[in-house]
Structures are given as structure tokens and as C-alpha cells.
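Here is a short tour of the structure, written to be read with the coordinates open beside you.

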Amino acid sequence: MKARRSLRAAVAAVLVTCPLITGCADAVSETAQHQAVPQVRPPVVMFLGDSFTVGSGPVAEWDTYAAGTARSLGWQLITAGGAGTGYIARGRIGRTFEQSFARQLAWRPAPDLVVVSGGHNDRRARPAGVREAVLRLVGNVRERWPLARIVLVGPIWIDTAPKEAYRTRDAIASAAWLAGVPFLDPLTQRWIRDDRTRVLLSDGTHPTLYGHLRLARWLVGTLRARGLAGDAAAPPALVGPEPS
């Protein structure tokens, strides 16, 4: 009798323990499978710029060329700056690019890429002063985030640019060369063909939603051509309907 009772107890213990063991094994297997798939973090990219970057008129910040570029390349985007600002110009918010960097960006964790886009509002400033301000800003970014890449984008002019814009462009390009960072030049492009009202807002300065789309396509193509897009492992972007 005692032998039978011992046998029954042993069988019961096995029956009780087996589901627990199986459950543990399943949990371990599931954890192992989860850990086996590496999670790819989209690149974090910061755009610092003027009204072309942060939005103006009917074009909101999430519809600008910066946002369009981020969507196309699978980036996490952080936007800073304000209307009328530049390397020298303080605009409506009363801050230069350098000051906006300190207030809006420098306290954040390190990004993968910093894009500084502007110069449109610095056309009345001395080119030498613009060059010095660019070098100072690039130095600040490098001191804060030594491993972050930096790209400078020159003044954006949808319509015919004045001579002053080219002098500002050259000052920024010179600073980029001295600092050893890539410079991208929107003034080399012809943004208006036979579609002026489709590309340019009635203020004669800022791009329409379609104009921003054109800018984003140019920037995406240029970044990829220069090996600066960093989108090889990025997830496919969600592409909405093209604005009419």
C-alpha cells in the first residue's frame, strides 16, 4: 500500500510540474526569439532653420521640406529655429541660430545628424560676420556632440535670388569648407518653371505645400548622392498623396 501511495504521489508531482516546466520553456523560447531580432532605431535628425524650415503661412511645421525629408528617409525629426532668423538675423523670436541651438537643442541627447539650413535672412549682414557665426555654431555643435554629423544648407530662394543672397551663400560655403562639413546649395536649382503659383505663395517668398515637396525631393536626392542620408536600414516611409 505504501509503495502504491508513493508511486501515485510521484506521478502527481510530475503531472503538476510538467506544465510549469513547459510554460517556463515557452517563456524562455519566446524571450530568446524576441532578443534574436535586433531593433533598428531610426536616425535622430535635428533641423535648425528659419521659416522655410519651421513653416509659414498655410504650411505647418509638419508639412515643410524638413518634415518631408524626414518622412522619406525614415528619420526621427526635431525642428528648431524661427521665422526671420539666421546666423546673424534674430527674427521675430529674437534669437540667432546659435541662440536657438542653445535654447532648443543643446540640452537634448545626441542626435545622429544636425542640419542647419538658412541664410535667407542674413543677406544684409556682412559676409565675414556670417562666416564667423557659422564657424562658431558648428564649433558649438561639435563640442556638445562630437560624434554627430553636421550638414549646412545654404539660403533658399524660390524666386530669382538677389546678389546679396549669393554673397551670403558664399560665406556659408566658405565656413563649411573651413570646418570640413558638407554644404548643399539650393541656389543652384531652378524652382519655378511655368508653375509659379503652384510653387510660390502669394507673399512672393515662401514655398507652397507643393514647393516644400519639391525642396524635400531635392534634399533627399542630394543627401543620398553625397552619402549623407543614412537610410540604408531605415523602415519604409509612409507616403501620402502628392499635393495638387
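## A charged pair and its network

Let's start with Asp170, which is partly exposed, with a relative accessible area of 43%. This is a predicted model, and in it Asp170 forms a salt bridge with Arg169, where the closest N and O atoms are 2.7 Å apart. Arg169, for its part, counts as buried because its relative accessibility is 16%, and the cut-off for buried is under 20%.

Another pair to look at is Asp195 and Arg214, whose closest N and O atoms are 3.5 Å apart in a salt bridge. This pair links distant parts of the chain: Asp195 sits in the loop between strand S5 (183-184) and helix H7 (196-199), while Arg214 is in helix H8, 19 residues apart. Both Asp195 and Arg214 are buried.

## Other salt bridges

How many salt bridges does a search of the whole structure find? The count is six. Side chains of opposite charge can pair when their charged atoms come close.

One more example is the salt bridge between the side chains of Arg41 and Asp112, at 3.2 Å from N to O. Here too, distant parts of the chain are linked: Arg41 belongs to the loop between helix H1 (2-36) and S1, and Asp112 to the loop between helix H4 (97-105) and S3, 71 residues apart. Asp112 counts as partly exposed because its relative accessibility is 27%.

In soluble globular proteins, nonpolar side chains tend to be buried together. The largest nonpolar core here has 28 residues, and the members touching the most others are Phe47, Tyr65, Trp75, Ile158, Leu219 and Leu223. At least two residues of this core come from each of strand S1 (44-49), helix H3 (65-73), strand S3 (113-117), strand S4 (149-153) and helix H8 (209-225). Which element gives the most? That is H8, with seven residues.

A second, separate core has 27 residues, including Met46, Ala106, Val141 and Ala179.

## Around Tyr65 and Thr53

Thr53 is found in helix H2 (residues 51-54) and counts as buried because its relative accessibility is 0%. Not counting residues up to four places away in sequence, Thr53 touches Phe47, Thr64, Tyr65, Ala66, Thr79 and Ser117. Thr53 and Ala67 are 14 residues apart in sequence, and their C-alpha atoms are 8.4 Å apart in space.

## A nonpolar patch on the surface

Some nonpolar side chains are found at the surface: Leu135, Trp177 and Leu178 form a patch there, with about 360 Å² of accessible area together. Leu135 lies in helix H5 (residues 127-144) and is partly exposed, at a relative accessible area of 32%.

## Where to read with care

The mean pLDDT of the chain is 86, with 78% of its residues at 70 or more. Over residues 13-22 the pLDDT is below 50, and this stretch has zero contacts in the model beyond near neighbours in sequence. Residues 232-244 also stay under 50 in pLDDT, and for them the model has 16 contacts beyond four places in sequence.

Terms used: Residues numbered from 1 in each chain as written. Predicted model: local features only at pLDDT ≥ 70, side-chain atom pairs only at ≥ 80, totals over all residues. Heavy atoms only, no water. Core = buried A, V, L, I, M, F, W, Y, C linked by side-chain atoms within 4.5 Å. Buried < 20%, exposed > 50% of the residue type's maximum accessible area, 1.4 Å probe, protein only. Helix = DSSP H or I, 4+ residues; strand = E, 2+ residues; numbered from the N terminus. pLDDT = per-residue confidence, 0-100. Contact = heavy atoms within 4.5 Å. Patch = residues over 30% accessible without salt bridge, like charges linked within 9 Å, V, L, I, M, F, W, Y side chains within 5 Å. Areas by Shrake-Rupley, 256 points an atom, 1.4 Å probe, with all protein chains shown as cover. Salt bridge = Lys/Arg side-chain N within 4 Å of Asp/Glu carboxyl O.
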